[in-house]
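Welcome, and thanks for taking a look at this structure.

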Amino acid sequence: MSFGALSSHAVMALNGGAKLGNFAHNTGEGGISSYHLKFAGDLTWQIGTGYFGCRTVNGGFSEKLFAEKAMLPSVKMIEIKLSQGAKPGHAGVLPACKNTPEIAKIRGVEAYTQINSPATHSAFSTPIELLEFIQQLRDLSGGKPIGFKLCIGQRSDFLALCKAMLKTGINPDFITVDGGEGGTGAAPLEYSNSIGMPLLDALAFVSDCLIGFDLKKDIKIIASGKVFTGFHIIKRLSIGADLCNSARGMMLSMGCIQSLQCNTGHCPTGISTQRPALVKGLNVSDKRQRVANFHEETVKSVAEILAAAGLSRTEELNRKHIFRRTSQTQISHYQDIYPPMVAGNLLSEPFPSAFDEDIKQANAEMFNCAACEIN
Ligand SMILES: Cc1cc2nc3c(=O)[nH]c(=O)nc-3n(C[C@H](O)[C@H](O)[C@H](O)COP(=O)(O)O)c2cc1C
Ligand code: SF4
């Protein structure tokens with residue numbers, strides 16, 4: 001969640017909480033501000049289609065500005081944002097009222113204008129080019145981990161990315177899978193409610209693809225979407241995630257009362273506003289401790305649930321550990337709902353029938369081949 005969507009005090013509370021709790025804080029696509037650096041909590045620097053913080057005057061990607069920021073000691077990983085569950089196909093919108101001179105300077109744009117990021121990246125346009133961009137960022141950052149975030153739409157597009165990984169020999173270090181149910185400060189309601197593959201299905205799909213192409217051993221999967229409790233984390237890890245992100249859970253830990261005014265600039269709790277009088281109301285030293293407490297208690301709950309299941313490490317979780325009610329009289333294992341993929345099973349024909357059509361449509365040279373005639 002960016003500085004811009006969130007206030008300076010909210011960014012400081014999150015980063016200060018990350019430092020206290022020894023976890024990482026994602027910058028969102030709005031760039032790195034002084035508030036992200038004040039407490040020296042670990043950062044995942046996110047780069048969206050607006051390239052805020054590493055943007056040329058024309059809105060393209062600047063190698064020079066990227067290299068400068070990527071070298072900051074707080075920046076531990078870099079995430080290229082392809083899409084997010086709240087609004088797949090729509091990029092970020094910063095309303096004019098929230099685009100203060102300070103935010104405009106950090107982003108490299110004109111103050112008090114509405115900033116619409118483009119829907120797609122200008123630094124790459126094909127799966128292979130995305131992987132080459134990943135390598136470019138890895139080189140420019142001195143070898144820091146580089147990954148991407150996406151909400152799954154066409155299955156063949158993700159399979160195209162896997163084919164491109166095999167073809168180029170370049171892998172991302174991590175992939176963040178955002179569920180279609182994701183939230184944001186401002187998105188068209190239909191997109192928030194209905195567009196994009198739901199998280200658990202997307203997670204199973206991404207995990208199966210990586211295992212099927214024998215890529216999982218080199219790539220971590222991060223799950224993002226409605227993580228509020230220890231059990232939510234356990235469910236996601238059992239399907240195939242290695243770790244989880246939380247956005248709205250963290251907002252609640254800072255005192256969000258769900259008044260649904262994030263896009264108006266009038267957030268009453270000082271979290272998603274740039275109005276000084278409202279921002280002042282968010283007490284950073286109190287809230288950073290609450291952020292750290294929420295994280296600690298949630299992780300503690302994960303450990304307790306693991307112990308109750310007779311396990312000692314999250315890596316031991318698999319799809320057999322979770323039951324879901326599938327009708328009034330039946331329950332099923334996740335393993336029955338999401339049958340696990342056999343390692344290497346997508347490397348050559350015959351492909352599993354559930355993947356056959358999509359894998360044949362997937363093209364490492366082009367996104368969205370399912371909608372065109374060139375396969
Ligand atoms: C206020 C707010 C701002 C957000 N800004 C970004 C952003 O800059 N980049 C991004 O990839 N996702 C952004 N998101 C989406 C979240 O990162 C996350 O993908 C989504 O909310 C699902 O996680 P959750 O259910 O834990 O909130 C934002 C969400 C919120 C609530
Ligand atoms: S209190 Fe309301 S306006 Fe503020 S962050 Fe929460 S939902 Fe958004």
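We begin with H266, which sits in the loop between α10 (248-253) and α11 (276-280). Please keep in mind that this is a predicted model.

- H266 counts as partly exposed because its relative accessibility is 39%, which falls between the 20% limit for buried and the 50% limit for exposed.
- Not counting residues up to four places away in sequence, H266 touches Q261, T273, R275 and L278.
- L278 is 12 residues from H266 along the chain, and the C-alpha atoms of the two are separated by 7.8 Å.

- What is F158 in contact with, leaving aside its neighbours within four places in sequence? The partners are F148, L150, I152, I175, F205, V206, C209 and L210.

**The second largest pocket**

- The volume of the second largest pocket is about 620 Å³.
- There are 29 residues lining this pocket, and the closest to its centre are L82, S83, C151, D157 and F367.
- Helix α6 (residues 155-168) gives the largest share of the lining, namely three residues.
- How do the lining residues of the second largest pocket divide into nonpolar, polar and charged? The lining has 13 nonpolar residues, 13 polar ones and three charged ones.

- Q46 is part of strand β2 (residues 43-47), while T176 belongs to strand β7 (residues 174-178).
- Q46 has a relative accessibility of 4%, so it counts as buried.
- T176 is also buried, because its relative accessible area is 0%.
- The side chain of E79 makes a polar contact of 2.9 Å with the side chain of Q46, and one of 2.6 Å with the side chain of T176.
- Once neighbours within four places in sequence are left aside, Q46 is in contact with N26, T27, G28, E29, E79, K81 and K149.
- With residues up to four places away in sequence not counted, T176 touches E79, F148, K149, L150, I222, S224 and N245.

**I103 in helix α4**

- I103 is found in helix α4 (residues 101-107).
- Is I103 buried or exposed? I103 counts as buried, because its relative accessibility is 0%.
- Setting aside neighbours within four places in sequence, I103 is in contact with F3, G4, L94, K98 and Q274.
- A204 lies 101 residues from I103 along the chain, and their C-alpha atoms are separated by 38 Å.

**Backbone details to look for**

- A cis peptide bond joins E349 and P350, with omega at about 0°.
- P350 lies in the loop between α13 (334-337) and α14 (353-361).
- A40 is not a glycine, although its phi is positive, at about 60°.
- You can find A40 in the loop between α2 (34-37) and β2.
- A40 has a relative accessible area of 35%, so it is partly exposed.
- K226 is another residue other than glycine with a positive phi, in this case near 55°.
- The place to look for K226 is the loop between β8 (220-224) and α9 (230-239).
- At 41% relative accessibility, K226 counts as partly exposed, because this value lies between the 20% and 50% limits.

Key: Residues are numbered from 1 along each chain as its sequence is written. Chains are lettered from A and ligands numbered from 1 in the order in which they are written. This is a predicted model: local features need pLDDT of at least 70, side-chain atom pairs count only at pLDDT 80 or more; totals for chains, interfaces and linings use all residues. Side-chain values use heavy atoms; hydrogens and water are left out. On a 1 Å grid over the protein atoms alone, a cavity is a set of points where a 1.4 Å probe fits but cannot get out, and a pocket is an open set with protein on both sides within 12 Å along at least five of seven lines; lining residues have an atom within 4 Å of a point. Grid points are joined across faces, edges and corners, and a volume is the space filled by probe spheres set on the points. Helices (H or I, at least four residues) and strands (E, at least two) are DSSP runs, numbered from the N terminus. Ala, Val, Leu, Ile, Met, Phe, Trp, Tyr, Cys and Pro count as nonpolar, Asp, Glu, Lys and Arg as charged, and the others, Gly among them, as polar. Contact means heavy atoms within 4.5 Å. Buried means under 20% relative accessible area, exposed over 50%, partly exposed in between (1.4 Å probe, protein chains only). A polar contact is a pair of N or O atoms within 3.5 Å; within protein, one must be able to donate a hydrogen and the other to accept it, and residues adjacent in sequence count only if both atoms are side-chain atoms.
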